[in-house]
Amino acid sequence: EYNSESDSDDEAEDDDRMIRYQIQGHKKTATSISNLIHSFFWCGLAAVVFIYTDMMRVLSSDPRINRLFLYLSLTSFLCSCCMIIYLVYVQYRYRGKFGDLGRFAPRAMYSGAGCGVAAYILFIIAIWPIWKAISIFIASVFSLALIM
């Protein structure tokens with residue numbers, strides 16, 4: 001016996017699944033586009049700040065820079081980068097664990113985050129004699145650009 005009601009129910013469920021799948025696809029696309037726009041914005045703003053402040057010349061030759069804190073900031077930044085490489089590459093490549101890194105490698109995550117915060121604060125202290133309060137803005141822009 002042929003039951004047309006059950007076929008129409010199955011078709012309705014298939015249609016619902018298809019609509020949910022399309023909506024999820026659009027959300028993923030919108031999120032990807034939003035992330036891309038944010039990345040371009042912060043990296044572009046960091047480039048403008050870098051050029052406008054003549055950062056390369058100032059960091060390399062200005063005697064007002066607090067060199068000790070600049071070098072400590074760079075060291076902290078490199079340690080943070082090493083932790084990111086460890087978490088992303090080593091954990092995923094060799095151990096196959098990538099989802100919840102806070103559960104698989106909490107010490108490495110906390111160390112990397114701590115080094116990142118230390119680099120931010122130390123960089124502000126290093127450039128404070130030159131740009132005063134604007135140093136906070138400069139360091140924040142560079143930090144957000146590096147995160148993106």
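**A tour of the predicted model**

Start by selecting R57 and D54, which form a salt bridge with their closest N and O atoms 2.7 Å apart; the term stands for a side-chain nitrogen of Lys or Arg within 4 Å of a carboxyl oxygen of Asp or Glu. This is a predicted model, where local features need pLDDT of at least 70 and side-chain atom pairs count only at pLDDT 80 or more, while totals for chains, interfaces and linings use all residues. Residues are numbered from 1 along each chain as its sequence is written, and side-chain values use heavy atoms, with hydrogens and water left out.

R57 is partly exposed at a relative accessible area of 45%, and D54 is partly exposed at 34%. Here buried means under 20% relative accessible area, exposed means over 50%, and partly exposed lies in between (1.4 Å probe, protein chains only).

Next, select D62 and R64, whose side chains meet in a salt bridge at 2.9 Å, N to O. D62 is buried at 8% relative accessibility, whereas R64 is partly exposed at 47%. The count comes to two salt bridges.

Now show the largest nonpolar core, which has 17 residues. Such a core is a set of buried Ala, Val, Leu, Ile, Met, Phe, Trp, Tyr and Cys residues joined through side-chain atoms within 4.5 Å. Those with the most contacts inside the core are M55, I65, F123, I127, W131, I138 and F142. Helix 5 (106-131) is one of the helices that each supply at least two residues of this core, and the largest share, six residues, comes from helix 5. Helices are DSSP runs of H or I with at least four residues, numbered from the N terminus.

Move on to helix 6, residues 134-147. Its buried residues are S135, I138, A139, V141, F142 and A145. They cover an arc of only 160 degrees around the axis, which puts them on the same side of helix 6; the arc is that of the directions from the helix axis to the C-beta atoms.

Last, look at the aromatic pairs, of which the whole structure has three. Rings of Phe, Tyr and Trp (its six-membered ring) pair if their centres lie within 6.5 Å; planes under 30 degrees apart count as stacked, over 60 as edge-to-face and the rest as tilted. Select F41 and W42: the ring centres are 5.0 Å apart and the planes are at 75 degrees, so the pair is edge-to-face. For F123 and F142, the centres are 6.3 Å apart and the planes at 55 degrees, so this pair is tilted. The pair links F123 in helix 5 with F142 in helix 6, 19 residues apart.

How values were computed. Expected span 1.5 Å × (residues − 1).
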